[in-house]
Amino acid sequence: MLSRMRRMYQGAESFRELGLLGFIVLVSAGIQLRNPMFLTAGNINTLLVHASILSILVVGMLMVLLTRGIDLSIGSTIALSGMVCAMTVAANPGVPPILSLLQGIMIGLIIGTIIGLLVSRFNVLPIIASLGMMNIVRGLTYVVSGGRWVSAYQMPRPFLQIATGRILGVNHLIIIAVVIYLIAYYFLTYTRTGRQIYAVGSNPDAAEISGIPKKRVICLVYMIMGALAGLAGVLWVARFASAQGNTAMGYELNVIAAVVLGGVSLTGGSGKLSGVILGALLFGMLSNALPLIDVSPFWQQAIQGVVILTAVWINVVVKRRNEQQALLRREI
Amino acid sequence: MPEHMIQLDKPRDWKSFFLQWEWLLVLIFILIHVMNSFLSPYYLNVNTFIRTPQTFLDKAFIVFPMTFIIILGSIDVSVGSTVALSSVIMAVSYNAGMPMGLAMVLCLAVSSLCGLFNGFLLARYHELSSAIVTISTMTIYRGFAYVILEDQAAGGFPGWFESFGWGSVGPVPVMSIAFIVCAGIFGMLLHRTTFGRCLYGMGHNHKACLYSGINIKKIKMIVSMLTGLMAGVTAIFLTSRMGSTRPNVATGYELEVIAMVVLGGVSTAGGKGKMIGPILAVFIVGYLSYGLGLINVSAQVLLIIIGGLLIASVLISNIRFSRKEQKKSSPALFGVEADEKT
């Protein structure tokens, strides 16, 4: 009896990834039936490229959610970093792409550091700090650009190739996303700081008492999120070949949706990178597939909201059941 | 019982009375008027004080229930979307042949339902944070508004409907009267009823309230429903003032409303704040944006200023709070303090 209970309990943990994988297969089969264009090599490549920016951001948001925080400012950070980099490149076409990437990362890092300091040092609620910064940064984007766009013809070829170039037939974006995943996997699983993020999230008080620099960990998490958003901003502009004031408006919701789909608990401390990757893939697939099966674009936002809410709800229900089972085990 | 809890009930001397946050707000309020009258020679006249509030009072109706919500220690970012959805439904149902009066009732019903849904989720699944629940419902409500109206605008309301936004009784605009009435009701509710005391209690110590038999779920649902209802009122006034509606109306209202409440001295940690603070803050933010509009400051810069205002006011109140805590906790025993936190 006891061992069966334990098996069930452990089963529920890995159940999510399997379930997500099954769901992905199911959804793609369903879409394929409706539109045979879906599972062609070309579309799969588009889908992966499309999902790669989302999946870069998802890594940062995973860490933020692990510490019980939230970051609403990333859409604006993408816009500002993309806009500044595009304007720099438009003014001096000679700037090498790697410098553009670094510039974007630095801008994101600064914004992330401000949010991180507000949250960790001054106890501002994450949602308030990031809501305020979201508007400040969005306003800055308009101010910096003077309301103008930077269009494709103003950007030099090397800059655009950040997103369109290929190495061994694989798009740069996919490679960047994979590299970030590998680093993040190593960081979260094998380094001390990575484990400290989990510790701070699952019990902040216990973490602090046992000597973990809680404030520094929390600040770091927002800095990573900001840096990744800054990077994503450059990639975004290079991919869509245009920088506008309203770039990526509301994109933070896509990221949050993908992360909660991946099974990250919003009460902190639990969530795996593998789940989050699948969440990002599934979400990228949904937004790629909806136009293919003739769903009006006006439905997208509503569907997105329902996806977030359902995922959060399932998380809570599963967690409640797990806790019940844990209590049952204790009784025997 | 820690000492400072008893101290709270002592009558205040005049010095601490004038050192309250609200007096600082009054000072800022006067300063803004002085600044505005320097900015524009046409600023100082009777119309500024009687007619101008019409331009910013519509969102102020949400400030009252948002004060409740933040006193509870939670947050609601879905109010802007609720305004959009209820306004869109009102316009569409009127255009489909429903009488305007009924359409307005429908608008209030829809918005209350939106609020109630938030409240239901928060009460039923207490481990969910209000941030994530309202973020998802924010997306859902706005999404439905887009589904209903796509990229169209809907309007063509009857003439009398306009009087909500622009009409006046004698010299006083209808909107201001409604605002004063609501302020009275919500102020009484917070400061003179058991319900209001329960809000403070829940903000301070959730568990203690649960164990002392307060129906926490009911209170959460009521507060969320009130938020929805007032979002509906805002929708009516806003739609009436604009004459038509689109799915993207009231974008960013949640930011402004939360900024007003927090600027009004309501602590985001819960359990602290008075109704008068947010009311003053409504006028501060309103006249500030009006004055900046006079010198052609663009909407985007205003976005920066309001975002900065939100962060700055939370920052200041947090620093003030931690200073007070330090003062208090220095002579007290360590154990007492630890007990209190849990």
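Start by selecting A:Leu57, A:Val58, A:Val259 and B:Leu310: of the 205 residues in the largest nonpolar core, these touch the most other members. Such a core is a set of buried Ala, Val, Leu, Ile, Met, Phe, Trp, Tyr and Cys residues joined through C-beta atoms within 7 Å, and buried means that 20 or more other C-beta atoms lie within 10 Å of a residue's own, with C-beta atoms placed from the backbone. Next, colour helix 10 (residues 214–240) of chain A, which gives this core its largest share, 19 residues.

A word on what you are viewing: this is a predicted model, where local features need pLDDT of at least 70 and side-chain atom pairs count only at pLDDT 80 or more, while totals for chains, interfaces and linings use all residues. Residues are numbered from 1 along each chain as its sequence is written, and chains are lettered from A and ligands numbered from 1 in the order in which they are written.

Now centre on B:Leu310. Leaving aside neighbours within four places in sequence, B:Leu310 is in contact (C-beta atoms within 7 Å) with residues including A:Ile128, A:Leu131 and B:Leu255.

From there, show both chains: 34 residues of chain A are in contact with 34 residues of chain B. On the chain A side, helix 5 supplies the largest share, 13 residues. By class, that side has 25 nonpolar, eight polar and one charged residues; here Ala, Val, Leu, Ile, Met, Phe, Trp, Tyr, Cys and Pro count as nonpolar, Asp, Glu, Lys and Arg as charged, and the others, Gly among them, as polar.

Finally, select helix 3 (residues 74–91) and helix 5 (residues 126–145) of chain A, which pack at an angle of about 20 degrees with their axes 8 Å apart. Helix 3 of chain A and helix 5 of chain A are therefore roughly parallel (angles under 35 degrees). Among the residues making the contact are A:Leu80 and A:Met83 of helix 3 and A:Val137 and A:Leu140 of helix 5.

How values were computed. Axes fitted to C-alpha atoms, helices over the stretch in contact; angles between N-to-C directions. Helix = DSSP H or I, 4+ residues; strand = E, 2+ residues; numbered from the N terminus. Parallel < 35°, antiparallel > 145°, perpendicular 65-115°, else oblique. Contact = placed C-beta atoms within 7 Å. Buried ≥ 20, exposed ≤ 12 C-beta atoms within 10 Å, placed from the backbone.
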